[in-house]
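Colleague: I have a model open and want to learn to read its features. Can we go through them one by one?

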Amino acid sequence: MDRQDPHGTARFLTRLQRRGRGGRLKMLAASGAAAFGLTAALATPLSPAPQQAQAADDGKKTLTVAVAQSVDSLSPFLATRLVSTSVHRLMYEYLTNYDPKDNHAIPGLATDWKPSPDKLTWTYTIRSNSKWSDGKKVTAEDAAWTFNKMMTDDGAATANGSFVGNFEKVTAPSATELVIKLKKPQATMAALDVPIVPKHEWESVEDFSKFNNDKKFPIVGNGPYVVTDYKADSYVRLKPNKSFWRGAPKFDELVFKYYKDGDAAVAALKKGEVSFVQGLTPAQAAALEGQSDIKVNDAPGRRFYSIATNPGARSKDGEKFGNGHPSLLDQKVRKALFLGVDRKTIVDKVFQGHAVEGKGYIPPRFTSYYWEPSDSQEWAYDPKAAGRLLDEAGYKKNGDGKRVGKDGKPLNYRMLCHATDPNDAAVGKYLKEWWGELGIGLKLNCLDNVTDPWLAGEYDLAFDGWSVNPDPDFVLSIHTCDALPATPKDTGATDNFICDKKYDQLYAKQLAEYDEAKRATLVKQMESRLYDTGYMSVMAYPNAVEAYRTDQIKSITTMPEKAGNIYGQDGYWSWWSATPADSDDSSGSSSSTGVVIGIVAAVVVLGAAGAFFAVRRRSTAEDRE
Amino acid sequence: MTTESTAPDERVPEGPPLGEEKSAPPRLGSARALAWRRRRQSAARFWREYRRHRAGLAGLGLLLLFAAVALTAPWTVGSDVQSVTDAPGRPMEEPSAEFPFGTDQFGRSLFGLVLWGSRVSLLVGLLAAALSVAIGALVGITAGHFKGWYATVIMRVTDWFLVMPALVFAVALATVMERSLLTVIVAIGVTAWPTTARLVRAQTLAVESRPYIERAKALGGGHRHIMSRHVLPNVMPLVLAQTTLGISSAILTEATLAFLGLGDPSLTSWGGLLQDARQAGAVSSGHWWYLVPPGLAIALVALAFTLCGRAVESVLNPRLGVAR
């Protein structure tokens with residue numbers, strides 16, 4: 001810059017500043033508008049434009065399901081999330097299925113199954129009218145190969161290893177005969193929830209722990225639907241399997257569309273962009289209740305919703321890892337924490353009645369396995385007793401009302417929470433206050449991906465929940481020592497690193513018990529044991545709150561048929577049975593309140609903008625030429 | 001490089017631009033008293049000028065109101081308003097005499113929450129703007145003072161930050177760091193400084209080209225002396241105006257981050273309230289009273305700071321006020 005010419009410099013500077021000012025002004029105007037727009041957009045739930053998603057082109061009937069969970073893997077050997085296992089139900093036929101009316105086992109890929117007198121050899125008759133979508137016939141060899149793979153390859157046993165842990169030998173003497181030999185009797189033989197995959201497609205897979213089955217489309221399968229396309233965190237697209245032995249589904253296409261935001265999914269439902277939404281909040285359910293063309297389904301859920309404590313993460317080889325809080329190894333501390341939780345308030349306030357108060361492990365919907373603690377055994381809400389327990393455990397309150405251990409450090413816990421589940425953050429607020437009164441600090445760690453810290457054992461507490469199958473074997477198996485990861489680097493089937501000898505003995509016993517009543521007794525004993533160890537506390541069994549458009553879906557099967565759920569069934573009944581509605585009338589179901597609010601918001605925004613510019617104009621009146 | 005710029009040491013008696021201050025009457029009292037008198041005079045002059053900006057006054061009034069609300073919140077509403085276990089109402093109640101803005105999904109009074117939320121929003125806005133302007137001023141002054149390779153490198157870094165979408169960068173930062181108030185402040189602070197840096201550098205170049213800087217150098221003034229005693233006071237007006245304007249965008253960014261769920265979930269802020277509303281499904285179920293108050297509060301505070309900032313800017317920068 002030339003020092004000789006201060007004027008030139010000054011002029012240059014002015015220009016430069018003007019430009020800077022202009023830029024700022026624009027930015028601020030833009031951000032101000034964005035703030036107004038945010039308010040307006042939020043207050044305007046929907047545009048009244050009638051949408052006819054179905055009849056968009058050539059009358060193709062598409063069933064679009066909004067899901068909030070992202071697919072963890074399309075490989076049935078790895079997938080454990082509900083959305084993925086639901087898709088697998090549709091892609092692959094299992095040996096048996098569950099009756100939609102009362103959950104008893106009915107033929108799937110197997111038409112018949114019977115045990116030998118010693119109950120150690122099971123013979124399945126494989127149906128001859130099932131075909132892979134590439135035209136090849138499904139044989140017993142495919143099933144045998146699937147099971148053998150899971151028995152010999154640890155990578156392939158990641159998701160469903162619990163089913164084959166007790167298998168000695170699986171053979172296919174003929175194309176229609178599958179023989180499974182067991183080491184010990186196993187009660188889940190009519191409920192093997194294992195997708196059978198085509199051997200000719202999967203033989204070439206090298207590393208089952210890495211292969212996600214999402215490169216080659218359509219994915220060869222024999223279920224009611226065939227996956228034709230998949231994009232992570234976006235959608236799974238399926239088309240009906242015309243040669244499905246039970247009959248082809250009636251829709252022309254089924255799409256699982258990923259919506260990170262529940263409100264966006266509900267707005268899409270109102271506009272008709274999606275046909276089905278699940279996981280509604282109480283406010284959303286109440287608002288949708290009165291809408292025409294929309295049916296809200298509020299069914300007792302098959303999920304439990306719980307707090308899990310880190311019992312000291314470890315692997316099967318005995319190595320400890322992670323950094324769980326050492327105080328949680330003390331059962332008294334865990335008990336105190338759970339005594340400080342008022343489950344009834346959670347059901348009333350957070351779920352607003354769309355849930356049942358949590359007691360035992362398995363939801364009451366499964367009557368034969370439901371167990372609840374007796375009055376003397378129950379850890380009911382009792383903050384005073386909780387305080388006493390903490391005193392006993394050596395965590396006394398200091399001057400600030402905080403519990404401190406012998407090392408003088410205050411008790412502060414980290415809690416993993418799913419950023420995708422609003423209930424976690426809401427319940428977390430209550431826990432923070434209840435435990436705060438006990439003198440315990442809580443820090444919520446809400447993440448999109450809780451899996452990584454969870455598997456690494458880097459948490460103290462966590463929000464936990466599983467869907468329970470009619471046969472509870474799987475959800476029971478995830479708390480056995482056998483489910484721990486082989487080494488700290490591996491992924492185990494374990495839920496939260498629980499390993500208890502007594503529980504394991506009971507687990508082995510119930511697995512070997514063929515008498516249903518006796519088995520149920522054993523399962524209840526397991527639940528009781530799990531309850532007493534205090535590694536987890538079930539807070540509630542949330543209802544399945546879902547809604548669908550009646551102008552797109554004419555009928556759909558719930559499971560159980562009476563007061564049952566639609567999404568995440570134990571079987572493919574809902575999506576297989578869904579029949580499209582005649583799409584002749586257009587949906588004029590825009591909510592008038594939405595429109596009114598939209599107009600009001602628009603007026604407010606315009607008024608504010610007008611006032612702002614009037615002021616600006618006046619203040620710069622002298623500036624203008 | 002030993003160019004750490006110190007905080008503006010206002011207590012130093014000598015006035016910044018030597019050339020302009022020569023005419024000060026050389027009578028009565030110590031140099032210190034003289035400086036203070038001059039400062040009082042210029043403050044009065046500033047206020048006289050500022051009063052002529054009606055929009056600026058309106059913005060200031062609004063700001064004082066919000067500041068009063070935020071500062072007195074512990075006594076007017078109290079931190080109990082955040083408590084979910086002692087919530088007084090039923091979930092999602094409509095506005096009524098008892099709850100002027102209705103209640104949220106826990107039955108807490110939204111009126112109280114909006115008042116309480118002003119504390120976090122204003123705090124983050126002020127600190128983040130201060131941080132970003134501090135970084136910007138430091139970079140701008142050093143880049144303008146040390147020309148050559150240092151300026152080239154640091155200005156390219158500035159350009160890089162300038163072209164990067166600030167929100168994306170802030171989201172990335174807030175994701176990898178722990179979720180706390182500090183994270184949000186840092187995330188906003190380190191993304192919003194490049195504009196300030198460019199403006200300050202330009203002003204520094206202009207100031208350094210004036211003859212009295214050369215005189216100071218001839219008298220043995222070092223880098224540090226020149227930058228802190230001569231350049232800094234001269235770019236101060238620009239920095240001040242920039243801060244005021246930066247606060248409003250910082251508040252908006254804070255609200256955006258909280259709305260995207262990247263704030264500290266245990267704190268009540270306006271953006272956090274919007275996020276809670278979205279998670280509770282208030283948008284699709286038409287509970288407008290959950291959304292409009294925090295949204296309007298964000299817009300109003302941002303507007304107030306903008307109005308003030310523009311008024312301050314035109315008072316401090318004579319070139320902008322020439323026509324008056």
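Colleague: How much of residues 235–260 of chain B is helix, and how far apart are the end C-alpha atoms?

Modeller: Helices are DSSP runs of H or I, at least four residues, and strands are runs of E, at least two, numbered from the N terminus. Residues 235–260 of chain B are 96% helix and 0% strand, with end C-alpha atoms 36 Å apart. Residues 120–141 of chain B are 100% helix and 0% strand, and their ends lie 31 Å apart. Both spans are among those that an unreviewed UniProt entry annotates as "transmembrane region". Such annotations may be inferred rather than shown by experiment; positions follow the numbering used here, and feature names are shortened.

Colleague: What should I know about the model and its numbering?

Modeller: This is a predicted model: local features need pLDDT of at least 70, side-chain atom pairs count only at pLDDT 80 or more, and totals for chains, interfaces and linings use all residues. Residues are numbered from 1 along each chain as its sequence is written, while chains are lettered from A and ligands numbered from 1 in the order written.

Colleague: Is helix 11 of chain A mostly covered or uncovered?

Modeller: Buried means 20 or more other C-beta atoms, placed from the backbone, within 10 Å of a residue's own; exposed means 12 or fewer, partly exposed in between. In helix 11 of chain A, 14 of 17 residues are buried, and the helix is mostly covered.
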